[in-house]
Amino acid sequence: VGRGCEFWRALSAEWSGAAPQLRDAKARRYQEPPRCKDTNELWSRLPAWERLGEEVMLSDLILPEWMRNMALEKLLPAQLLNTLVSRSELVGYSVRLAWVKTQMEHARGIAQAAAYGPGTGKDASGDVYMNSCLVDTSDAADEEDS
């Protein structure tokens with residue numbers, strides 16, 4: 001009860017084929033993922049890679065934490081990998097994966113803010129964006145006083 005999705009994945013893995021060759025091929029694909037070029041590509045490939053890891057674990061193939069860490073490192077873009085490796089406090093797989101997802105969210109937020117906030121305050125025709133100018137109320141208050 002309440003674990004239907006997990007049950008469905010286990011059932012799907014069981015019926016998709018239990019041949020040792022298939023299990024080994026999935027484990028190899030999980031351990032040797034092609035490196036992502038950037039964070040945008042990582043957004044599309046990380047969930048599929050995580051599902052593949054779940055399938056490998058459900059097939060009773062034991063993947064030690066150090067092996068999962070190495071596979072994650074192979075998937076990450078070079079810049080993100082360099083930052084991850086330099087952070088000595090990120091040791092465990094689950095901690096590293098959570099940190100990577102946080103960095104992905106941060107990068108997406110920066111990209112969205114850059115796309116939303118125009119740099120000049122004017123559009124292509126020269127009109128001022130309403131959200132880009134500040135209204136100075138001190139002049140209006142001075143006029144009322146006089």
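How much accessible surface does the protein have, and what share of it belongs to carbon and sulfur atoms?

1. Surface and burial. The accessible surface of this predicted model comes to about 10,500 Å², and 57% of that surface belongs to carbon and sulfur atoms. Of the 146 residues in the protein, 23% count as buried, a figure to be kept in mind when the individual residues below are discussed.

2. Confidence. The average pLDDT of the protein is 80, and 75% of the residues score at least 70. Confidence is lowest in helix H7, residues 137-145, where the mean is 50, and it is highest in helix H4, residues 65-75, where the mean reaches 93. Over residues 132-138 the pLDDT is below 50, and beyond near neighbours in sequence this stretch has two contacts in the model. Where pLDDT is low, the predicted coordinates should not be read in detail.

3. Secondary structure and contact range. The protein contains seven helices and zero strands, and, read along the sequence, the pattern is therefore α-α-α-α-α-α-α. Among the contacts in the protein with a separation of 6 or more, 61% are accounted for by residues 24 or more positions apart.

4. Packing of H4 and H6. Helix H4 packs with helix H6, residues 93-116, at an angle of about 25 degrees, and the axes of the two helices are 9 Å apart. H4 is roughly parallel to H6, because angles under 35 degrees count as roughly parallel. On the H4 side the contact is made by Glu65, Arg68, Asn69, Leu72 and Glu73, while on the H6 side it is made by Tyr93, Arg96, Leu97 and Val100. Sorted by class, the contact of H4 with H6 has four nonpolar, one polar and four charged residues.

5. A buried glutamate. Is Glu73 buried or exposed? Glu73, which is found in helix H4, counts as buried because its relative accessibility is 16%, and the cut-off for a buried residue is under 20%. Leaving out residues up to four places away in sequence, Glu73 touches Arg35, Leu81, Leu84 and Arg96. Both Glu73 and Arg96 are also listed in the contact between H4 and H6, and a colleague viewing that contact may therefore wish to look at the two residues together.

6. The loop between H3 and H4. Asp60 lies in the loop between helix H3, residues 39-58, and H4, and Ile62 is found in the loop between H3 and H4 as well. Asp60 is exposed, with a relative accessible area of 69%, and Ile62 is exposed, with a relative accessible area of 76%. Asp60 and Arg23 are 37 residues apart in sequence, and their C-alpha atoms are 9.2 Å apart in space. Ile62 and Ala27 are 35 residues apart in sequence, with a C-alpha to C-alpha distance of 9.8 Å.

7. Two partly exposed helix residues. Glu54 lies in helix H3 and is partly exposed, with a relative accessible area of 33%; the C-alpha atoms of Glu54 and Glu6, which are 48 residues apart along the chain, are separated by 9.7 Å. Ala107 has its place in helix H6 and is partly exposed, with a relative accessible area of 29%. Ala107 and Thr39 are 68 residues apart in sequence, while the distance between them in space is 7.4 Å, C-alpha to C-alpha.

How values were computed: Residues numbered from 1 in each chain as written. Predicted model: local features only at pLDDT ≥ 70, side-chain atom pairs only at ≥ 80, totals over all residues. Heavy atoms only, no water. pLDDT = per-residue confidence, 0-100. Helix = DSSP H or I, 4+ residues; strand = E, 2+ residues; numbered from the N terminus. Contact = heavy atoms within 4.5 Å. Buried < 20%, exposed > 50% of the residue type's maximum accessible area, 1.4 Å probe, protein only. Areas by Shrake-Rupley, 256 points an atom, 1.4 Å probe, with all protein chains shown as cover. Axes fitted to C-alpha atoms, helices over the stretch in contact; angles between N-to-C directions. Parallel < 35°, antiparallel > 145°, perpendicular 65-115°, else oblique. Nonpolar A, V, L, I, M, F, W, Y, C, P; charged D, E, K, R; others polar.
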